[in-house]
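Hi everyone, thanks for coming along.

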Amino acid sequence: MPKIGGSMAVIILVVDDSLPMRSVIIKTIKVSGYGSANFLQASNGREAMRTLGNEWVDLVITDYNMPDMDGMELISEMKRDETLRCIPVLVVTTEGSRTRVEEFIQKGAAGYIQKPFTPEVIRTKLNNILGEIKDEESVESRNEELDF
Amino acid sequence: MKNRLKAAMKSSISEILETMFFVSLEFDESGNFDDFIQSANGNLSASRLRFGGDLSGSFFFYAPESVLLTITENFLAQDRYSITKNHVEGTLKEITNMIAGSTLSSFDKQALFNLNIPEVIDTNRKFESFDEAGNEQIFFMINSLEGRLAAKLTFSI
């Protein structure tokens, strides 16, 4: 499993049908304290599912409104898959209606970011989510050590 | 309702263009759409996003090609020689997408709107696309350091 914390060698899958938006999200994450993160990209949910089937990913950041398979469908598909359901998903969206946000959370999103966003917002969200993973890993590795 | 929608759109345009696209702007209340089209000399890019739900209609965003290229450069933090047509069109569609989403969600936080995928439109068909979209309209002329821009919302209740 990739190491999280310290070197921050996390692998993040960025899913957005907009090439410039993917590029901006990646650049923003890099300047938000995750300069050594590795990135994978997909232009819709279906492509993201294919990538998730082949690559290890620590976090998925997805747009909501995309052709073919949107962000909500992607979350549902991931939650149906035993190996993918534990990967946190952060939704980046222009839509900030309460109903829509509740829908994201109900489907299992770990959080959402509304566009326009700033690097500070991205940093806070990533720290929250990746910090939780780090904590879970610490517990896991401590348990493994105890078992050993 | 139209005034509330207009206020939501105006503040969304400011926030999005300034925060994400680094465009300093001011609204030109006396601006005329026909003059804007003519001054672009046919070098105008535009995109449209249709939406439905509690309210239905279309958002439009217009930018002269040279201005859009500068905005794309700023947005991507890349020099213009590395920027492709895909980058420019993607940036144009993203502006429209963000303005639409932000306007509708700040207009009514409880309502649910279905936003379509933004598309680049042929500006020679601007009046046709305007007519098909709804019977009410809100229009903004925007002055920026990079050049003049325009945004429009047509809707029916």
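Before the tour, one term: helices (H or I, at least four residues) and strands (E, at least two) are DSSP runs, numbered from the N terminus. Now the housekeeping: this is a predicted model, where local features need pLDDT of at least 70, side-chain atom pairs count only at pLDDT 80 or more, and totals for chains, interfaces and linings use all residues. Residues are numbered from 1 along each chain as its sequence is written, chains are lettered from A and ligands numbered from 1 in the order in which they are written, and side-chain values use heavy atoms, with hydrogens and water left out.

Let's begin with chain A. It has five helices and five strands, and along the sequence they follow the pattern β-α-β-α-β-α-β-α-β-α. Of its 148 residues, 52% count as buried; buried means under 20% relative accessible area, exposed over 50%, and partly exposed in between, with a 1.4 Å probe and protein chains only. Contact, for us, means heavy atoms within 4.5 Å. Among contacts in chain A between residues at least 6 apart in sequence, 64% join residues at least 24 apart.

Next, the inside. In soluble globular proteins, nonpolar side chains tend to be buried together. I'll call something a nonpolar core if it is a set of buried Ala, Val, Leu, Ile, Met, Phe, Trp, Tyr and Cys residues joined through side-chain atoms within 4.5 Å. The largest one here has 62 residues, and those with the most contacts inside it are I13(B), L17(B), F21(B), F51(B), F61(B) and I142(B). Helix 4 of chain B, residues 85-107, gives the largest share of this core, eight residues. Apart from it lies another core, of 21 residues, with V57(A), M66(A), M78(A) and V89(A) among them. Do zoom in on F21(B): leaving aside residues up to four places away in sequence, it touches I16(B), I71(B), N74(B), F75(B), T91(B), I95(B) and M98(B).

So how do the chains meet? On the chain B side, 27 residues are in contact with 24 residues of chain A. The area buried between them is about 2,100 Å², with carbon and sulfur atoms giving 58%; that area is the accessible area (1.4 Å probe) that two parts lose on being put together, summed over both. The rule finds one salt bridge across this interface, that is, a side-chain nitrogen of Lys or Arg within 4 Å of a carboxyl oxygen of Asp or Glu. K115(A) forms a salt bridge with E94(B), with the closest N and O atoms 2.7 Å apart. Helix 4 of chain B gives ten residues, the largest share of the side of chain B that touches chain A.

K115(A) has another feature: a cis peptide bond joins it to P116(A), with omega about 0°. P116(A) sits in the loop between strand 5 (111-114) and helix 5 (119-147) of chain A.

Last stop, backbone angles. Most residues other than glycine have a negative phi, and most peptide bonds are trans. D68(A), though, has a positive phi, near 75°. D68(A) lies in the loop between strand 3 (59-63) and helix 3 (71-80) of chain A.
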